[in-house]
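Please examine the sequence and the three-dimensional structure shown here.

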Amino acid sequence: MVKTTMQAIEAYFNNKLVDGKNVRITDFNQPSAGWSDEAFTFTVVWEQEGKTLEKGYAIRKQNKGGLMTEYQDAYRHFKLLDRLSKNSNLPIPGVHWYETDEDILGGTFFVMDKLPGKSYVPWSKEGQLFFKQAHKDGKIPLQFVRHLADLHLIDFKEIGLAEDLVEPFGPYGYIDSKIEEFEEMYNKYLISPDPIMVDALEWLKLYKPAAQRLSVVHGDYRSGNLLYSNNRITGILDWEATEIGDPMADVAYVCAKSNRMDSPLLNYLLDKEMFLETYSEFTGLTIEEKVLHYYEVFHQVRFVLISQSAGTDFAKSKTKDLRMARQGYRWPLMRGILAELLDY
């Protein structure tokens, strides 16, 4: 008989909890699958030394048909979470096991703690209502800035992250490596030449800023990748794009139009002036509008490449995920925003 995912996870924990008896899974849930990974949350209940114990866990499994999976490294993600959860006060899930046996769940995966709270899709009706109230109250926006600042102030060498992540050389090392990566991706997913993208890539080379410092950069820090409970942020998720780089890349990502569209609030949550002033106060870093603009162009190139890669993979039958087709359909919109940022 073919096991269900929940049965497979239950069998896995029976092997892991060697001193546990009557191991069972409750509250099993699979949130909508991510672009590159699938996630499962659940509670494990077992008996040990005459007591009934329970603990919440989450599993993140790499999806082979996901978005840009060839650029993802699940083991690096696992090690990153392990170091950050043990060496910071940020609400980051601790990790337990990394598994390469694809027969268990159909792909490599790792097990981490289940954090309390709920996430919201910012552009959904429910999400917009939540963030509108959170903005009005003010506590969550301040925590949003505080957590980002604290991340950027972490001494990544002291906690050993330089062993797991590539440390760029010099003030331009980070942006040079990213431009090279973007050019590789552009050519890989190219269907026909795109003058706007060629122009944007050359623009990035011409106007690149020097990094004030190197920090741990989350790479996808936004309101939709956080958990919330009782008017506070209880979890920061989706660390697969994390690297050592220019912290202004994260700051500009928060400000990017594609993360707020027509909302006057950054990430549907923050006043821009409050965000920039508070972040600068917390970190001591100077924020220049021209550097913010540079990294907004940078991220918009990335958004175009995401749409381009999704559409190309679907067109070439590398995936049957209809979300990839929909993301590819967004390519003209992402390209239009890029043209606008370049003052076309």
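A residue is called buried when its relative accessible area is under 20%, exposed when that area is over 50%, and partly exposed in between. The model under discussion is predicted. Thr108 has a relative accessibility of 15% and therefore counts as buried. Its place is the loop that joins α3 (102–105) to β5 (109–113). Leaving aside residues up to four places away in sequence, Thr108 touches Arg60, Lys61, Gln62, Ala74, Tyr98, Glu99, Thr100 and Glu102.

Asp27 belongs to strand β1 (residues 21–29), and its phi is near 55°, a positive value in a residue other than glycine. Asp238 likewise is not a glycine and has a positive phi of about 55°; Asp238 is located in the loop between β8 (232–236) and β9 (243–245).

Two helix residues are partly exposed. Ala325, in helix α11 (residues 322–329), counts as partly exposed at 26% relative accessibility. In sequence, Ala325 and Gly117 are 208 residues apart, and their C-alpha atoms lie 31 Å apart in space. Glu289, in helix α10, has a relative accessibility of 48% and so counts as partly exposed. Apart from residues up to four places away in sequence, Glu289 touches Lys272 and Leu276. Between the C-alpha atoms of Glu289 and Lys208, which are 81 residues apart along the chain, the separation is 13 Å.

Attention now turns to helix packing. Helix α5 (residues 139–153) comprises 15 residues, and the distance from its first C-alpha to its last is 21 Å, close to the 21 Å expected at 1.5 Å a residue. The buried residues of α5 are Ile140, Pro141, Gln143, Phe144, Val145, His147, Leu148, Ala149, Leu151 and His152. These buried residues pack against α4 (125–137), β6 (215–217), β7 (226–229), β8, α8 (248–255) and α9 (272–283).

How do the axes of α4 and α5 cross? They come within 5 Å and cross at roughly 85°. Angles of 65 to 115 degrees count as roughly perpendicular, and therefore α4 is roughly perpendicular to α5. On the α4 side, the contact is made by Phe130, Ala134, His135 and Asp137, and on the α5 side by Lys139, Ile140 and Pro141.

Which residues does Val301 touch? With residues up to four places away in sequence not counted, Val301 touches Phe182, Met197, Ala200, Leu201, Leu204 and Leu338.

How values were computed:
Residues numbered from 1 in each chain as written. Predicted model: local features only at pLDDT ≥ 70, side-chain atom pairs only at ≥ 80, totals over all residues. Heavy atoms only, no water. Contact = heavy atoms within 4.5 Å. Helix = DSSP H or I, 4+ residues; strand = E, 2+ residues; numbered from the N terminus. Expected span 1.5 Å × (residues − 1). Buried < 20%, exposed > 50% of the residue type's maximum accessible area, 1.4 Å probe, protein only. Axes fitted to C-alpha atoms, helices over the stretch in contact; angles between N-to-C directions. Parallel < 35°, antiparallel > 145°, perpendicular 65-115°, else oblique.
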